[in-house]
Amino acid sequence: MSVYQTITNRTAQKIFTTHQYAYSNDVFTKDELKKIIEISTKISLVDGGVGDGAIGPRVSKINHQKLNENNKWIFDRLNQLIVNVNMEFFDYDLIGYDTYQYAEYHMEDAGHYDYHVDIVFNGQNIDTDAVAIQTRKLSISLLLNESGVDFEGGEFYINSGGTINPIAELKVGTAILFPSFLLHKVAPVTKGIRKSLVVWVTGPKFR
C-alpha cells in the first residue's frame, strides 16, 4: 500500500477490482489494545440492539465512544487507516463517523451476532439511537483480544455467496474493513470474552 493518500501503486486493482474485504495487521500495539479496552470500559455496557439491517438475534454487551481528549489518539489512528484502505481497495465517497462501538461477547451468554448487514434502511438506527441521515458504507471490525488465549469461538464470517469460511486474517490487533451491505456474523463464544471495536463509516447514498 502506498503511504501517499491520493496515489496508488496498484492502479488496475483500484479501477477494476471489487473487494469483499481488506485487512490491516497491527493497527495498534498490544499495549495500546489494552489501553483501548481500559478506556472503553469506563462507560457501562448495555445489551446490544439489533439495527434495521439485521435478520438474526444478537447477544452482546456494548457501548458507544464519542471523541474526547482521552481517546483522540484512537480516532486519529482509525482515521488514517480508513483513508489509506479506502483509497487502495474501495474508493467510496466517505464523510466519516461520530463514534466507535466497543463490544463484548461473553461465554456465559453464548455471545454472538447472527448474519446481518450494517447498512441502515428506512429510518432509525438502533445501534446509535439516531436518525440514519447518512448511509453506512464501510464497516470496520478490530479484534482487541486474542483468540485461543482470551476466548474461544467467536469466529467472524462474511457471506458474499459461495463457500463461507471464517476470516482467517482476523487476529488480535487486526482490522477487517468491508462494505456495509455485506452479510456478516460473529459465531457463538464458547470460552472467555471476545472484545472488539466496530466503526461504521458513512457517506452519501450509493450511486
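View 1. Tyrosine 100 is buried, at 0% relative accessibility (buried means under 20% relative accessible area, with a 1.4 Å probe and protein chains only). The model is predicted: local features need pLDDT of at least 70 and side-chain atom pairs pLDDT 80 or more, while totals for chains, interfaces and linings use all residues. Residues are numbered from 1 along each chain as its sequence is written, and side-chain values use heavy atoms, without hydrogens and water. Phenylalanine 75 is buried too, with a relative accessible area of 5%. The ring centres of phenylalanine 75 and tyrosine 100 lie 5.6 Å apart with planes at 50°, so the pair is tilted (rings of Phe, Tyr and Trp, its six-membered ring, pair with centres within 6.5 Å; planes under 30 degrees apart are stacked, over 60 edge-to-face, the rest tilted).

**View 2. The largest nonpolar core.** This core has 28 residues, and Tyr100 and Leu197 have the most contacts inside it (a nonpolar core is a set of buried Ala, Val, Leu, Ile, Met, Phe, Trp, Tyr and Cys residues joined through side-chain atoms within 4.5 Å). Its largest share, 8 residues, comes from H3 (helices are DSSP runs of H or I, at least four residues, and strands runs of E, at least two, numbered from the N terminus).

**View 3. A ring cluster.** Phe90, Tyr92, Phe181 and Phe206 are linked by ring pairs. Phenylalanine 90 is buried at 10% relative accessible area, and tyrosine 92 is buried at 19%.

**View 4. Arginine 136 and tryptophan 200.** Arginine 136 lies over the face of tryptophan 200, 3.8 Å from the ring centre (the criterion is NZ of Lys or CZ of Arg within 6 Å of the ring centre and within 35 degrees of the ring normal).

How values were computed. Buried means under 20% relative accessible area, exposed over 50%, partly exposed in between (1.4 Å probe, protein chains only).
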